[in-house]
Structure formats: structure tokens, C-alpha cells
Amino acid sequence: MTTSSERYGAVAMILHWIMALGILFMLGLGLVMVHGSLDPGIMYRLFQLHKSIGITLLAVALLRVVWRFLHHPPAFPASMSLGEIRLAKLGHALLYMELFFMPLSGWALVSSSVFAIPTVLYGIVPWPDLPFLSISQTGSRSKMLLPCCMPMALMPSLQWWVCI
Ligand code: HEM
């Protein structure tokens, strides 16, 4: 099934912009909500909102990958060399990994947190911890997150290096 040989289809573009704007919003929200001077009630609500949107973006990322597999992207310009095409594909693969790594590392963080604050998406849907990290089953494993988060932190610089 193809979208178009020259342009991405409407669904792919909509999913792209939901993810792009969603991640930008989440970066801002994440930085604001950890500000220690906030009123605890407001901070709690911002954390819940952050978790709700983050899990929603995880679902959108899944949808996006499924869509990508079912619809061929536009062909690379004929002027690109094989090496450039390989690097572009590697850049795309790294970006896809990031789409999953950001929400998954957040989910892993709350799952292993000693505070064990429940996640309720949009104040309605109770959301479970990741079972293999949940402290109710395993005790705190926060230290496991460090090796998980390091590749995430390195990814943008790797991408920058790959893409220039
Ligand atoms: C696209 C997805 C996400 C982005 C871009 C994002 C971004 C951020 C940022 C920028 C911070 C502030 C880090 C700091 O300055 O300490 C943060 C913190 C946090 N995020 Fe996310 N996040 C995402 C998804 C999630 C999800 C899905 C969850 C949980 C279900 C989550 C839970 C948290 C928690 C608990 C903190 C506070 C960490 C602390 O107290 O040090 N995040 N996030």
C-alpha cells in the first residue's frame, strides 16, 4: 500500500505534527512541573497531566509505526547517493527509537519510584505501572534507569553527528 511517491499522506503528516508538537509541549511541561516552588496541588495536577499526555504520545507513536509499515514513504530524491540514503534511514530509525524511549523511560521512572503515586490518565483511566519495575512487586529499582536513560541522552548528539 503506498501513500504517494512524492509526498507523505495526510495521516502520516497529522501523526507527525501531533508527535512533534506533543513532545515540545511535554519538554516545557516537564521542566515547569519539577520546579520546587510550585504549590503542591498544582504540581500534582501537572504531573498527572504530564503522565497522561506522555502515555497518549506513546500510543500515537505506536500508531505511527504501524502506519509507516503499511504505507511506503516517498522515495528519496534520485540525486542522493547510497551513503546519504543509508545515513538518512539511520537518522529516521534513531528518531523512531526516541519517540518510544522518551515516554517509556518516564513510565519506567514512575513505575520504580519509591513515592508510588498512582497514575490516572486525564483523571479518569487508572494506568498500571510497568509490571517488572513496579516497586510493589520488586522493591525500588530506580538504579536500573540510569543505564536505560544514557542511550537516550546520547541519541540527539549521535543523530546530529549522523545528519551533518
Ligand atoms: C514524549 C514524552 C515525554 C517527554 C518529552 C518528557 C519530558 C520530561 C521532562 C523534560 C522532564 C523534566 C526533567 C527534569 O528537569 O528533571 C520530565 C520529568 C518527568 N517525567 Fe516526563 N516526559 C515524557 C513522558 C513521560 C511519561 C509517559 C511519564 C510517566 C508515565 C513521565 C513522567 C515524568 C516524571 C515522573 C518526571 C519527574 C522526574 C523527576 O522528578 O525528576 N514522562 N519529563
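**Note on the predicted chain and its ligand shell**

1. Of the chain's 164 residues, 9% count as buried; a residue is buried if 20 or more other C-beta atoms lie within 10 Å of its own, exposed if 12 or fewer, and partly exposed in between, with C-beta atoms placed from the backbone. The model is predicted: local features need pLDDT of at least 70, side-chain atom pairs count only at pLDDT 80 or more, and totals for chains, interfaces and linings use all residues. Residue numbers start from 1 along each chain as its sequence is written.

2. The secondary structure comprises 5 helices and 2 strands, in the order α-α-α-β-β-α-α along the sequence. Helices (H or I, at least four residues) and strands (E, at least two) are DSSP runs, numbered from the N terminus.

3. Helix α1 (residues 10–33) and helix α2 (residues 40–70) have axes that come within 10 Å and cross at roughly 155°. This makes α1 roughly antiparallel to α2. On that scale, angles under 35 degrees are roughly parallel, over 145 roughly antiparallel, 65 to 115 roughly perpendicular and the rest oblique. Axes are lines fitted to C-alpha atoms, for helices over the stretch in contact, with angles from 0 to 180 degrees between N-to-C directions.

4. The crossing of α1 and α2 is left-handed, a term that applies if the near helix is turned anticlockwise from the far one by less than a right angle; clockwise would be right-handed. The contact of α1 with α2 has 20 nonpolar, 4 polar and 1 charged residues. Here Ala, Val, Leu, Ile, Met, Phe, Trp, Tyr, Cys and Pro count as nonpolar, Asp, Glu, Lys and Arg as charged, and the others, Gly among them, as polar.

5. Val32 is found in helix α1 and counts as partly exposed, with 13 C-beta neighbours inside 10 Å. Val32 and Met43 are 11 residues apart along the chain, and their C-alpha atoms are separated by 9.0 Å.

6. The ligand is surrounded by 18 residues, the closest being Met26, Gly30, Lys51, Gly54 and Gly106. A residue is near a molecule if its C-beta atom, placed from the backbone, lies within 6 Å of it. By class, this shell has 12 nonpolar, 5 polar and 1 charged residues. At least two residues of the shell come from each of α1, α2 and α3 (82–112), and α3 gives the most, with 6 residues.

7. The length of α3 agrees with expectation: at 1.5 Å a residue its 31 residues should span 45 Å, and its end C-alpha atoms are 44 Å apart. The expected span is 1.5 Å times one less than the number of residues. The buried residues of α3 are Met102, Pro103, Trp107, Ala108, Val110, Ser111 and Ser112.

8. Most residues other than glycine have a negative phi. Ala116, not a glycine, has a positive phi of about 50°; Ala116 lies in the loop between α3 and β1 (119–121) and is partly exposed, with 13 other C-beta atoms within 10 Å. Tyr122, also not a glycine, has a positive phi of about 55°. Tyr122 sits in the loop between β1 and β2 (125–127) and counts as partly exposed, with 13 C-beta neighbours inside 10 Å.

9. Gly123 is found in the loop between β1 and β2. Gly123 is exposed, with 9 other C-beta atoms within 10 Å. From C-alpha to C-alpha, Gly123 and Leu49 are 8.6 Å apart in space, although 74 residues apart in sequence.
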